[in-house]
Amino acid sequence: MTEQSVRRFVSAKRRPKEDGRFITGAGHFVADVTRPGMLHVALVTSPHPAARIVSIDTEAALGMPGVAEVLTGDVLAANANPLANAVDTPGVKCYPLADGVARYAGEWVAAVVAESRAEAEDAAERVEVEYDPLPHVINAEEALDPGSPPVHAGHGSNVLYRRTFTWGPVADDFAGQPHELSFKLRWGRSAPVPVETFGVLAEWNAGTEILDVWASIQMPSYAEQIAAALRIPVNQVRAHYDVDVGGSYGVKRGIKHTVLAGFLARRLGRPVRLIEDRLENMVGGDMHGPDRHFNVAVAFDDDGLIKSMKLRVIEDVGGQTGRAAFQLGKPVSAIVGAYRINSVEYDAIAVSTNKTGQAAVRGFGMSPTNVAIETAVDKVARHLGLSRLGVRRRNFIRADQFPYLIPSGSEYDSGDYHTVLRKAVDLAGLDALLKRRDTARRDGKIAGIGIATCLEPGGGNSAFEPLLNPKNETTTWPESCVVKVDRSGGITATIATSTSGQGHETLAATIIGEELGIDPDTIRVMHSDTLSGLPGNTPVASRMAIMLGGAAAGAARKIRDQAILIGAHNLKRTPEQVRYANGAVTALDDPAQSISLARIALIAHREFHNMPPDLTEPGMQAVHVLQVPKGGTLPTADGRVQMYPCYSFAAHIVYAEIDRLTGKVTLPDYCIAHDCGTVINPDIVRGMVIGGAAHGIGAALYEEFTYEPGGQLLSGTFVDYVMPSAHEVPDIKLTEHCTPSPLTSHGQKGVGEGGYLGAPAAVASAINDALSPYKIECLTLPMRASLLSDLLADQQAETES
Amino acid sequence: MKQKITLTLNGARRSAEVEPRLSLVDFLRDQLGLTGTHIGCEHGVCGACSVLFDDDPIRACLMFAVQADGHAITTVEGLREEDGSLGILQDSFWETHALQCGYCTPGMLIAGQALLARNPDPSDEEIREAIAGNLCRCTGYVQIVDAIRLAGARMRQMPPATDREAGDD
Amino acid sequence: MKAAAFDFCRAESLEQVLEELSSAAGEARIIAGGQSLVAMMAMRLARPEKLIDINHVGALAGIDDGDGMVTIKACTRQATALQSAIITREVPMLAAALPYVGHIQTRNRGTIGGSIAHGDPTAEILLAATALGARVTLASIGGVRSLAVADFALGAMETAAREDECLTEVVFPKPPRELALSAAVDEISPRAGDYAVIGAAAEIGLDAEGRCRHARLASSGAAPVPVLASPVAQALAGSRLEDTEIDEAVRLLDPLLDPESDVQASAAYRRRVAPGMLARVIKRARDQARNPTT
């Protein structure tokens with residue numbers, strides 16, 4: 001028998017396993033990997049947002065010192081398959097290098113390969129490309145117009161995807177309410193922009209016929225997509241997951257980079273490294289994030305109870321397709337936020353423009369949508385003269401209503417939103433904060449308090465794929481863990497993903513340690529490669545605590561069960577007459593009769609004569625491949641589906657002041673209460689929440705990839721693309737609540753995205769509270785100082801006239 | 001044309017031949033194999049390449065290696081104590097989990113080390129100023145500030161240098 | 001982002017610098033701190049055939065406390081100037097400006113002369129030098145000349161230095177001693193430590209009756225070069241610097257402005273904010289001059 005004892009390691013403050021290598025400079029990032037004979041790539045990029053490529057003269061470049069190859073798009077396209085499209089758009093064909101047509105300024109047109117990066121750059125300057133500029137479209141609303149210049153002529157329209165979902169009686173609910181309001185909202189194009197750019201090193205071994213890939217990668221189905229584009233079997237691609245990833249937050253997808261490097265490595269028979277420099281990364285790395293135009297309408301009663309919502313979203317995916325359109329899908333999993341909204345109409349539109357391509361961003365499209373929902377709630381309160389807190393409480397799903405089915409088909413597992421909000425109010429000292437705001441206003445300051453909540457769906461089954469593309473029948477996104485006990489009792493776990501700061505080694509070791517009663521510090525956690533590893537889908541979608549945690553627990557429990565069988569046999573007891581605890585099997589009737597896991601492991605590995613007769617497999621190893629809880633079903637015809645199993649929740653309260661002269665925003669107080677179920681490692685959770693919030697503050701106030709009408713990116717350096725420094729991110733304070741998930745191994749939920757999902761909405765709420773005495777509002781993110789100042793100046797001019 | 005340079009690197013003398021256009025960070029990483037110092041932007045904004053140059057923190061992407069001739073460079077690899085144990089600041093980063101992906105961490109450690117060397121009791125605002133030239137996209141900085149504050153407190157509790165073993169300097 | 005190839009010369013004397021410049025016929029660039037130049041070279045926006053490193057020219061570093069003026073040799077580090085008691089005492093506006101210049105890491109390499117020679121219109125050192133009427137010394141093998149900073153900075157990244165000239169020093173006049181004096185600098189930038197969107201600097205001297213007898217004012221970010229706000233200073237001469245007087249006087253800045261729009265702010269924003277920022281620093285300097293303990 002087994003017992004659930006008090007937790008020893010889960011939730012305890014323990015030093016994360018990974019940190020030791022990073023504080024000593026011993027991290028193993030892709031730019032730290034070298035191979036003998038390695039060549040370097042530099043890229044020739046299009047200066048035009050749209051142009052036909054008339055000719056490319058590579059002769060001068062090929063004559064430069066150290067140059068091994070200059071590859072052009074036509075050669076690549078003739079020998080590779082197009083990159084995968086998320087939605088069903090067979091007329092859209094994208095390759096790593098532009099094939100005849102450049103679709104955004106900065107798109108890769110040719111690749112120069114040389115003995116050093118500097119020599120590759122020298123030669124790239126000598127590649128002469130003749131362009132025939134074409135009409136372009138930069139504004140997504142204009143791209144909707146059938147007469148707009150087609151970005152992908154083969155598709156026939158700039159609309160890549162459009163579907164209007166109707167969940168519940170929207171028309172009746174709108175007709176039946178005494179109030180409705182509507183507004184537009186703009187989420188500017190931003191991205192996580194990790195401090196490490198994307199990089200890849202590819203090496204083809206003609207003897208083994210394996211393409212080795214080391215990359216800074218966080219991409220599900222990575223090897224599969226590389227293989228498909230390169231026209232080789234998946235089992236000839238070995239992506240190494242022991243490469244540390246210098247930040248990703250969703251964007252480190254690198255498919256086109258890897259296809260290009262892999263193609264060159266095979267063609268040249270030498271290892272090829274492509275490490276984006278920062279300029280290549282910003283303009284042509286295809287890692288921009290959501291770029292959205294919202295129209296929102298809500299219908300509500302006199303008490304502010306929101307009955308129904310209509311949401312139209314135009315997502316500007318840019319000139320490459322990739323997975324961008326899928327980011328319209330994840331918001332479906334929490335389309336009503338934390339609220340009991342009865343019906344929803346969701347008009348989801350993805351359009352192409354002549355901008356760089358998008359990658360996934362932390363929350364996969366949820367954060368902008370949450371700004372729309374939370375802004376609507378604030379507006380309802382303001383419209384009725386009610387408190388924003390009160391309207392939220394009135395609309396919240398109550399703790400006694402879980403599991404709670406939302407109109408779009410997902411069931412929320414657990415939560416207590418009223419309590420979490422109360423904890424945020426207490427932490428912020430909201431009464432005192434309100435007095436401070438009002439005093440500041442009397443002193444002539446522009447001050448406001450932001451309140452926002454957010455759901456963080458985690459652990460998904462990728463059901464947005466079949467929802468947005470019926471040809472895609474994905475209904476599972478498993479995660480795996482292998483646990484081995486060596487003959488000395490040492491434990492090694494193998495996981496099937498690389499890590500980009502989330503602490504997966506700590507996660508796996510903590511849970512395995514908990515299950516086996518072994519100090520996690522002694523447990524080794526290895527990262528497989530794609531050929532030796534089991535199924536995995538990378539740390540997207542706040543899924544690893546849920547999925548890797550569950551897989552690790554599953555494998556550890558199999559080890560424990562095996563230990564009980566061997567231990568009981570050697571203690572001359574039945575399995576029911578022993579218990580496993582603290583790394584040993586002990587007889588229930590005589591605690592002195594005990595056998596350690598190390599001893600059991602030695603028996604399993606070396607002493608077959610001491611094995612129970614029904615155990616026919618020597619050694620001590622277990623595999624667990626976890627199916628997503630509640631996954632496994634396709635969407636209904638009207639587009640309802642259980643998308644994610646677990647729903648974390650957070651409430652943010654922030655105090656903001658706006659400098660009247662300059663529009664500069666300061667955030668002197670920032671408080672978050674959050675509930676991610678059982679915390680595995682408190683310091684990791686704290687970092688995830690605060691770091692996500694910092695990222696969200698950047699999106700709300702500072703960061704934007706801005707294009708001028710001529711199609712040039714204006715913010716292609718770290719000078720112009722403004723990410724918050726230690727001066728811009730306040731001392732964010734946290735408090736926690738725990739409603740365990742009934743669906744996971746230890747009650748844990750996801751936590752990697754929540755900070756980012758809540759912060760933009762909270763900051764926007766604070767800004768608009770601050771602006772409300774002036775009867776103006778700002779519904780454009782980022783809310784740059786100059787924008788706020790311009791709004792205030794316009795208002796003042798109007799007042800004076 | 002390559003030029004010969006000699007410098008003191010993490011306390012040891014090193015000589016090398018470098019092309020003038022080779023940046024200091026590329027020299028450290030590619031020519032000397034010290035990959036702890038990272039490249040983030042190569043235009044002087046992110047701070048990932050911070051090293052100590054004659055004990056002052058600088059950006060190694062904004063210097064050419066040839067300019068380091070005759071100078072002393074300390075990288076993250078040089079922050080351990082002489083006995084090989086973790087430096088106080090390094091250990092404090094671990095204690096507060098002042099990192100996630102670890103990419104900006106070497107630069108943050110350099111910035112923090114330089115601050116504490118001249119100001120052993122910094123205010124939080126001074127800590128934030130000292131790391132404001134180092135971008136971190138993971139942490140939101142709070143646990144980094146915690147770590148530097150903790151390291152300062154730990155260092156202040158240590159006996160003065162004269163009481164410690166000879167050779168500390 | 002690797003610089004194009006170049007030759008490197010580590011100069012040991014000013015004479016060597018000037019000879020190298022002369023023989024390079026415009027294809028050489030001086031590197032001091034390199035905090036702007038190296039980034040531009042990495043982006044290949046600058047591609048000199050030769051770099052002349054002046055970091056080891058002893059004659060080009062140091063701060064001289066002279067009669068009525070402070071001379072800062074060109075290759076003096078910004079960090080050194082920030083810690084200099086002479087600067088704090090005698091050039092308080094520069095002392096107030098330096099914390100806004102980049103970050104600790106860049107100030108440890110960046111130099112006073114290099115920043116001015118670079119000619120960035122929003123750089124804080126150039127702002128202070130403009131406000132104070134500083135002069136730069138330019139040397140070539142043909143001789144030495146001195147130019148007012150206002151005549152040196154011609155436009156964005158554009159200066160009056162000839163290709164064979166080396167900026168050797170910046171000379172700041174000392175403020176009058178008999179007045180209660182204070183200086184203030186402020187700016188709005190996208191992020192602390194960034195180049196300013198709008199900056200302003202003020203040095204105010206009050207007589208015993210609290211009347212303004214000395215005002216050195218400049219504004220940056222709303223014109224191709226920092227603007228010396230002489231009309232504002234003249235309007236305030238002799239006044240008690242009441243808020244209303246300051247707010248009125250800074251309106252005289254407007255005709256001097258010629259702002260452009262960029263990704264961070266519109267021209268209209270710059271035109272609107274520049275006078276207000278100037279008023280802000282005048283008031284701050286006034287308050288400090290009235291009550292030096294605060």
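Two residues are taken to be in contact here if their C-beta atoms, placed from the backbone, lie within 7 Å. The model is a predicted one, so local features need pLDDT of at least 70 and side-chain atom pairs count only at pLDDT 80 or more, while totals for chains, interfaces and linings use all residues. Residues are numbered from 1 along each chain as its sequence is written, and chains are lettered from A, with ligands numbered from 1, in the order in which they are written.

With that contact rule in hand, A:Ile564 is a handy place to begin. Leaving out residues up to four places away in sequence, A:Ile564 touches A:Pro575, A:Val578, A:Tyr580 and A:Val585. A:Ile564 sits in helix 16 (residues 544-570) of chain A; helices (H or I, at least four residues) and strands (E, at least two) are DSSP runs, numbered from the N terminus. A:Ile564 counts as buried, with 20 other C-beta atoms within 10 Å. The cut-offs are 20 or more such atoms within 10 Å for buried, 12 or fewer for exposed, and partly exposed in between, again with C-beta atoms placed from the backbone. As for A:Ala759, which lies 195 residues from A:Ile564 along the chain, the two C-alpha atoms are separated by 48 Å.

Now for chain A as a whole. Chain A holds 20 helices and 29 strands. Its radius of gyration is 28 Å, close to the 28 Å that the globule rule gives for 801 residues, so chain A is as compact as a globular protein of that length. That radius is taken over C-alpha atoms, and the rule is 2.2 Å times the number of residues to the power 0.38. The C-alpha trace of chain A spans about 95 × 75 × 50 Å along its principal axes, and 64% of the 801 residues are buried. Of the contacts in chain A with a separation of 6 or more, 80% are between residues 24 or more positions apart.

One helix pair in chain A can be followed residue by residue. The axes of helix 10 (residues 366-384) and helix 19 (residues 754-771) of chain A come within 8 Å and cross at roughly 35°. Such axes are lines fitted to C-alpha atoms, for helices over the stretch in contact, and angles run from 0 to 180 degrees between N-to-C directions. On the helix 10 side, the residues that meet helix 19 include A:Met366, A:Asn370 and A:Glu374, and on the helix 19 side they include A:Tyr756, A:Pro760 and A:Ala764. Taken together, the residues of this contact are seven nonpolar, five polar and two charged. Here Ala, Val, Leu, Ile, Met, Phe, Trp, Tyr, Cys and Pro count as nonpolar, Asp, Glu, Lys and Arg as charged, and the others, Gly among them, as polar.

Chain A also meets its neighbours. In one interface, 42 residues of chain B are in contact with 46 residues of chain A. Helix 2 of chain B gives the most to its side, with five residues, and that side divides into 21 nonpolar, 14 polar and seven charged residues. The contact between chains C and A takes 19 residues from chain C and 25 residues from chain A. Helix 12 (residues 267-290) of chain C gives the most to the chain C side, with six residues.

Chain C itself has twelve helices and 14 strands, and 58% of its 294 residues are buried. In helix 8 (residues 124-132) of chain C, nine of the nine residues are buried, so this helix is largely enclosed by the rest of the structure. Helix 8 of chain C is followed by C:Gly133, whose phi is positive, near 70°.
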